[in-house]
Amino acid sequence: MIRLDKICVWMLIICFAGMIWSGSLVKPIDELACYVMLAVGLLDCVFNHRWRVYFPLILVLAIMAGYVIYSTFKGFNTLPYIFMDAIIELKPFVPFMVLLAIRPQLGLLERKVFKAIAIVNMVTVVALYFMPVFREYTIQLHIMFLGASCFISMLVYLFCSIDEEGKVSPADMAVILLLLVVGLGCTRAKYYAEAVLAVFFILIYRPGMFKGVKPGYWLLAALVVVAVVAVGWHKFSYYFLTGEGNAYDPTVADSFARPVLYATSGLILVDHIPFGSGLASFASYASSANYSSLYYEYGINNIHGLSESNPDFICDAFYPSLAQFGIVGIILFVVFLVWAFKPAKRLLRLAPERYRYHYVIASLVMCFLLVESIASTIPMQTWGLLAMSVLGLVAAQESCARTVGDAPTSISIESSHQLSEKI
């Protein structure tokens, strides 16, 4: 018997263990996880005939295939790099949809392994804080990824600490908060905002607390919003409002490259209605690996960090890259986020106390991805893949509860003669 759910879980464990090192030492690990998930989905369809549950994944693959064809006609980049960009863009979507269909349930051993890796990640992050030269020049890891690693480790640890009654022990809660505190050492305003939201959801939020007219709760929500804005305002103002120097000064290029990307993405959305400029054309890794002609069209090819000779800041933020997909693509992206979050909301309605932390995890995954996308491309990297995988594990809980009550089962392929010949 080949257990597809176990293949998915252990692939995630491998990916989680290599998260911090995926920037240089184990670069293909997120692509490998994506390919394994796709293979698992294909096996499930072929041998278990479960094509219907994979309709969302098939739809996403079909949409991306359509954009590949569309991009070849736009002609801003060559076909190999268009394919490269399509694969990169698919990475956060594939694990979520496969896990939603496979519905894996973590066993005691798997939970212990995940929690142990989370603690190892925390210790590693602390060590790397004291080795900046090693971190930057050997494993080539920007300090912001240390904060992201702590946040993802916190989400995984929290998910694996929820008992059958939906509670988390005080000891586990202490580790969860310690992971958040260690992450503060990354000194990124983005992380500070995420940490404020995490503290609110984990320690303060209660199901139904905002129902009805309760001025105290709305005041609390307002204070959380103010705190998030306060911790992130300095960086927001620096990158998007004031900046300093000029666009051609290498020492302050990051303060201009990012606003230029955002401004140009708006122009692209208007000029290339409704499907955008196409894959590998703008603000994506593939558009810098093989320099897109679109940068010349908008006259930003001479800005330091966005030039063909020095494209370091082209792949600097996720949101500008949505211009590649146009207004239609942005609408589809928002629809996907709303759809992906719905299972957590249904869990909360089904049993608020039992599934409170599942809802909290889903909310924090969304906050993490939305905040990080402002000034990084983390959603397209190992951290984003793991965040969406955690969201997929939450969605799988809802799928099991909805279909088989409170005793969800894993999906497996029975070892038949036909299967043993091919696998």
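Helices are DSSP runs of H or I with at least four residues, numbered from the N terminus. A cavity is a set of points, on a 1 Å grid over the protein atoms alone, where a 1.4 Å probe fits but cannot get out, and lining residues have an atom within 4 Å of a point. The model is predicted, with local features needing pLDDT of at least 70 and side-chain atom pairs counting only at pLDDT 80 or more, while totals for chains, interfaces and linings use all residues. Residues are numbered from 1 along each chain as its sequence is written, and side-chain values use heavy atoms, with hydrogens and water left out.

The structure contains 2 cavities of 30 Å³ or more, a volume being the space filled by probe spheres set on grid points that are joined across faces, edges and corners. In the second largest cavity, the space amounts to about 70 Å³. Helices α1 (4-17), α8 (144-161) and α17 (382-404) each contribute at least two residues to its lining, and α17 gives the most, with 4 residues. Among the lining residues of this cavity are L12, F16, F114, F159 and L393. Its lining comprises 10 nonpolar residues, 1 polar and no charged, where Ala, Val, Leu, Ile, Met, Phe, Trp, Tyr, Cys and Pro count as nonpolar, Asp, Glu, Lys and Arg as charged, and the others, Gly among them, as polar.

The largest cavity has a volume of about 120 Å³. Of the 13 residues that line the largest cavity, F333, L337, L369, P379 and M388 lie nearest its centre. At least two lining residues come from each of α15 (326-350) and α16 (356-375). The lining of the largest cavity divides into 12 nonpolar residues, 1 polar and no charged.

Helix α15 also supplies at least two residues to the lining of the second largest pocket, as do α3 (55-74) and α5 (93-102). A pocket is an open set of points with protein on both sides within 12 Å along at least five of seven lines. The second largest pocket holds about 450 Å³ of space. Its lining consists of 19 residues, with V60, I63, F93, L332 and F336 nearest the centre; by class, 17 are nonpolar, 1 is polar and 1 is charged.

L38 counts as partly exposed because its relative accessibility is 31%, the class lying between buried (under 20%) and exposed (over 50%), with a 1.4 Å probe and protein chains only.
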